[in-house]
Amino acid sequence: PIALQHGAHRIGRRTDADMEKWRAYGLGQFIHWGLYSIPAGEWNGKQYSGAAEWLKSWKEVSATAYDSLMYQFNPTKFNAESWAETAKQMGVKYVTITTKHHDGFCLWPSKYTNFTVANSPYKKDIIGPLVKAYDKRGIDVILYFSIMDWHNPDWRYDIKTREDSIAFDRFKQFTRNQLLELLTLYPTAKGLWFDGTWDKSWVKQAAFADSLEKEMRAMRPGLIIGSRFRADEYGKRHFDSNGNMMGDYEQGWERKIPEKIADVHGNDWDCVMTVPENQWGYSKVWKGHIKTTDELLEMLAKCVSLDGNFVLNFGPKPDGTLRTEELDLAKGIGEWMGINSEAIYNGEYAGLVKQDWGYYVKKTGTNKIYMLVFNVPVSGALNVVLPSRTAISKVYDLGNPGQNYAPEEIGTSAYFIHLKQQTFKRPFVIVLETADNSKNSGAQYQKAK
Ligand SMILES: COc1ccc([C@H]2[C@H](O)[C@H](O)[C@H](C)N2C)cc1
């Protein structure tokens with residue numbers, strides 16, 4: 001391996017309680033809210049083709065005109081309690097909230113810039129009430145923070161001249177000040193979700209970023225920081241020059257999900273997902289495919305079955321309310337979670353051969369395996385292959401415990417579970433309790449005739 005000062009400082013997963021709690025979340029909510037929510041992807045009557053929260057980067061938009069949106073930020077219908085209640089009903093265990101996106105506007109009254117809610121007609125802090133409302137419901141808060149800041153004149157995409165370097169040193173102090181300010185103002189925040197860290201200017205700051213990460217961890221023991229925050233001294237991001245992940249969880253799964261367990265390299269990770277193809281901030285027009293409840297439930301199942309968390313994005317409207325499409329999805333997901341959440345919370349990779357009917361999730365620390373069924377075979381028989389000398393000791397339908405299945409043994413530790421009905425409205429979960437039967441050789445269920 002290459003000698004690294006600023007690469008990964010830990011190999012393998014964190015084993016402390018804070019991280020074990022993060023690992024067990026299963027389902028999370030992302031919230032993208034800010035000035036970009038006001039124009040919602042439209043400017044001078046024209047629709048921006050990119051993501052609504054990137055509007056300021058459109059050549060048609062002058063920075064000054066965009067920044068004056070601050071004087072229009074007045075979400076009179078904003079109610080942190082109702083957002084948190086929606087999230088609670090949906091069954092999320094954590095929320096990631098934009099404190100400052102790339103445009104530089106701060107949803108908290110930072111004392112290091114005037115470009116904050118404090119100088120908007122709304123005046124009040126947004127982050128504080130959100131943290132309080134979510135904490136009250138037992139939903140942990142992760143703060144999203146963009147290093148890249150298009151408002152700050154000291155931001156640079158690269159450091160080419162002495163002037164760049166002097167300006168960017170000021171920017172680095174500004175960034176450190178804001179991060180320490182966030183950790184001080186919101187001490188119950190469990191972690192930070194960094195973004196805007198891909199440009200050369202920041203990638204060249206391996207030593208600074210490493211010491212800042214250490215400083216934040218010292219200030220808030222247990223703080224959870226993802227792989228996107230910093231680069232090593234050779235400019236490697238997410239994984240250092242020795243291939244070891246930096247940070248506590250892998251943040252590369254943005255609008256994409258790993259296919260197989262080998263893709264996650266034994267790391268913790270979360271997948272952040274948009275409802276439309278690629279809109280995070282509120283956008284008037286949602287082009288292309290809008291994901292349905294069933295699609296999102298399958299993404300959730302797939303993430304948890306591969307040792308990850310699934311984080312669904314919400315882009316609240318400028319008036320502070322949530323759009324109906326998102327409220328409907330939150331309701332649909334919440335109804336399913338109301339019945340099946342034990343197959344999601346504290347779930348992990350079961351280590352079984354993947355079958356076409358859906359996804360296995362193992363309940364951490366138990367012999368309980370959940371079968372999350374999305375694709376019912378025409379035979380109505382769900383194939384289950386367990387590790388050798390493992391038998392099924394109990395099978396039942398999570399949503400209908402009275403519905404028992406007598407698995408048919410079709411080979412060594414191989415079974416068919418015959419479904420009693422052919423059509424289902426929603427994905428459903430069958431619970432398997434397994435037992436080690438290496439002691440007795442007799443089959444537990446009737447052999448195939
Ligand atoms: C360069 O392409 C990018 C960069 C950043 C993003 C941002 C989105 O605005 C959103 O905040 C997402 C989580 N983040 C990766 C999206 C595409």
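Predicted model: local features only at pLDDT ≥ 70, side-chain atom pairs only at ≥ 80, totals over all residues.
View 1. Strands (E, at least two residues) and helices (H or I, at least four) are DSSP runs, numbered from the N terminus; two strands pair if DSSP finds at least two bridges between them.

**View 2. Strands β11 and β12.** Antiparallel strands β11 (residues 358-363) and β12 (residues 368-373) are joined by 5 bridges. Lysine 362 has isoleucine 369 of β12 opposite it.

**View 3. Helices α5 and α7.** Two packed helices are described by the angle and the distance between their axes. The axes of α5 (residues 162-185) and α7 (residues 206-219) cross at roughly 15° and come within 11 Å; axes are lines fitted to C-alpha atoms over the stretch in contact, with angles from 0 to 180 degrees between N-to-C directions. Therefore α5 is roughly parallel to α7 (angles under 35 degrees). Residues in contact (heavy atoms within 4.5 Å) include Leu179 and Leu183 in α5, and Phe208 and Leu212 in α7.

View 4. The closest N and O atoms of aspartate 158 and lysine 204 are 2.6 Å apart, forming a salt bridge (a side-chain nitrogen of Lys or Arg within 4 Å of a carboxyl oxygen of Asp or Glu). Aspartate 158 is in the loop between β5 (140-146) and α5, and lysine 204, 46 residues apart, is in the loop between α6 (200-203) and α7. The structure holds 38 salt bridges.

**Notes.** Residues are numbered from 1 along each chain as its sequence is written. Local features need pLDDT of at least 70, side-chain atom pairs count only at pLDDT 80 or more, totals for chains, interfaces and linings use all residues, and side-chain values use heavy atoms, without hydrogens and water.

Notes
Parallel < 35°, antiparallel > 145°, perpendicular 65-115°, else oblique.
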